[in-house]
Number of protein chains: 2
Amino acid sequence: MSAGPESLENIYEGYLDCLNRKDWQNLSQFVAVDVRHNGRPFGLSGYREMLEGDFRAIPDLRFHAELVVANPPMLGCRLVFDCTPVGELFGRPVNRRRVRFDEHVFYHFENGLIAEVWSIIDQAAIGRQLSGPEPA
Amino acid sequence: MSAGPESLENIYEGYLDCLNRKDWQNLSQFVAVDVRHNGRPFGLSGYREMLEGDFRAIPDLRFHAELVVANPPMLGCRLVFDCTPVGELFGRPVNRRRVRFDEHVFYHFENGLIAEVWSIIDQAAIGRQLSGPEPA
């Protein structure tokens, strides 16, 4: 099976929609059973646990792709988050303040499924936004 | 002018080679005069100053692309750094310790030149590596 850049973008759009619906039953339509994340052999179940944890920490989490570059079997994306984490995030006490931060992530697809992920989140941006007073 | 994915990759390879040679005279062959970096209107001179500052902070700095995704007019890259910064880096006292960290960066090209850059550096990885003792 060989997907062009446009169909890979379509698959990725479906993946983000799956995350935003928290439709974990269908995650396997987009993520390989032996998926790796930043070098860690998470597998599908570990990957799902990571995402479920993300939504517990950030109940209003929403994945929004600002920029997508696809060239099969690779896809890169700039994700922009605008959300209110309930407690700590990356060790920083966010406590229901609204924060905006970006993630730059690359995916390697195999047979139309995400097989490997390399992600960097702009944690420093969150720290800068927490320098103000806490909300009342 | 319209460049395909492969030629954009070739241009980018030339850009990284230009940086690694510190060939600032030829930077304008790759970077637009009104280039923007993470939303800041640096322009070519400000962009060059940023790079010269990077090399002052990290004399053995070397740009190595581990992963490139090109789909004109966009290109994404995972850069992997393995270097020994002389003093502070991102506010962290590195002091000639060897650190490895990654940068995920997206470029928008216009007329074959880098016109806009969105970059995230994995600063947290540097912090983790500095938790050990300083070198003698």
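## Two chains, one rotation

A rotation of 180 degrees, with 0.0 Å of shift along its axis, superposes chain A on chain B at an RMSD of 0.0 Å. The two copies are thus related as by a two-fold rotation axis. Both copies use the same surface, since 100% of the contact residues of chain A recur in chain B. Please keep in mind that this is a predicted model.

**Where the chains meet**

- The contact between the chains involves 17 residues of chain A and 17 residues of chain B.
- On the side of chain A that touches chain B, at least two residues come from each of β2 (65–71), β3 (74–83), β6 (99–110), β7 (113–121) and α3 (123–129).
- By type, the residues on that side of chain A are 10 nonpolar, four polar and three charged.

**The sheet of chain A**

- Chain A has an open sheet of five strands in the order β1-β7-β6-β3-β2, and the pairing is mixed.
- At its edges are β1 (31–37) and β2 of chain A, each of which pairs on one side only.
- Between neighbouring strands of this sheet the average turn is 20 degrees, direction ignored.
- β2(A) and β3(A) make a hairpin, with two residues between them. These strands run antiparallel and are joined by six bridges, and Val68(A) stands opposite Cys77(A) in β3(A).
- β3(A) and β6(A) also run antiparallel, with 10 bridges joining them.
- Two bridge pairs can be picked out here: Arg78(A) has His104(A) in β6(A) as its bridge partner, and Asp82(A) has Arg100(A) in β6(A).
- Helix α1 (residues 5–20) of chain A lies across β2, β3, β6 and β7 of chain A, and its direction is at about 140 degrees to β2(A).

- In chain B, five strands form an open sheet with mixed pairing, in the order β1-β7-β6-β3-β2.
- β1 (31–37) and β2 (65–71) of chain B stand at the edges with a single partner strand each, so one side of each has no neighbour in the sheet.
- Here the neighbouring strands are turned against each other by 20 degrees on average, direction ignored.
- Strand β3 (residues 74–83) of chain B runs antiparallel to strand β6 (residues 99–110) of chain B, and 10 bridges join the two.
- Within that pair of strands, Leu75(B) has Tyr107(B) in β6(B) as its bridge partner.
- Helix α1 (residues 5–20) of chain B lies across β2, β3, β6 and β7 (113–121) of chain B, at about 140 degrees to β2(B).

**Nonpolar cores**

- The largest nonpolar core has 37 residues, and the ones with the most contacts inside it are Val69(A), Leu75(A) and Leu75(B).
- Leaving aside neighbours within four places in sequence, Val69(A) is in contact with Leu75(A) and Gly76(A), and with Val69(B), Asn71(B), Met74(B), Leu75(B), Gly76(B) and Phe106(B) of chain B.
- Another core lies apart from the largest one; this core has 14 residues, among them Ile121(A), Ile126(A), Val94(B) and Phe101(B).

- Ile114(A) is found in strand β7 of chain A. Ile114(A) counts as buried because 22 other C-beta atoms lie within 10 Å, where the cut-off is 20 or more.
- Not counting residues up to four places away in sequence, Ile114(A) touches Tyr15(A), Phe30(A), Val31(A), Ala32(A), Val35(A), Tyr107(A) and Phe109(A).
- Ile114(A) and Ile11(A) are 103 residues apart in sequence, while their C-alpha atoms are 9.8 Å apart in space.
- Gly112(A) lies in the loop between β6 and β7 of chain A. With 17 other C-beta atoms within 10 Å, Gly112(A) is partly exposed.
- Gly112(A) and Ala32(A) are 80 residues apart along the chain, and 8.9 Å separates their C-alpha atoms.

Note on methods
Residues numbered from 1 in each chain as written. Chains lettered and ligands numbered in written order. Predicted model: local features only at pLDDT ≥ 70, side-chain atom pairs only at ≥ 80, totals over all residues. Contact = placed C-beta atoms within 7 Å. Helix = DSSP H or I, 4+ residues; strand = E, 2+ residues; numbered from the N terminus. Nonpolar A, V, L, I, M, F, W, Y, C, P; charged D, E, K, R; others polar. Least-squares fit on C-alpha atoms with pLDDT ≥ 70 in both. Pairing = 2+ DSSP bridges. Axes fitted to C-alpha atoms, helices over the stretch in contact; angles between N-to-C directions. Core = buried A, V, L, I, M, F, W, Y, C linked by C-beta atoms within 7 Å. Buried ≥ 20, exposed ≤ 12 C-beta atoms within 10 Å, placed from the backbone.
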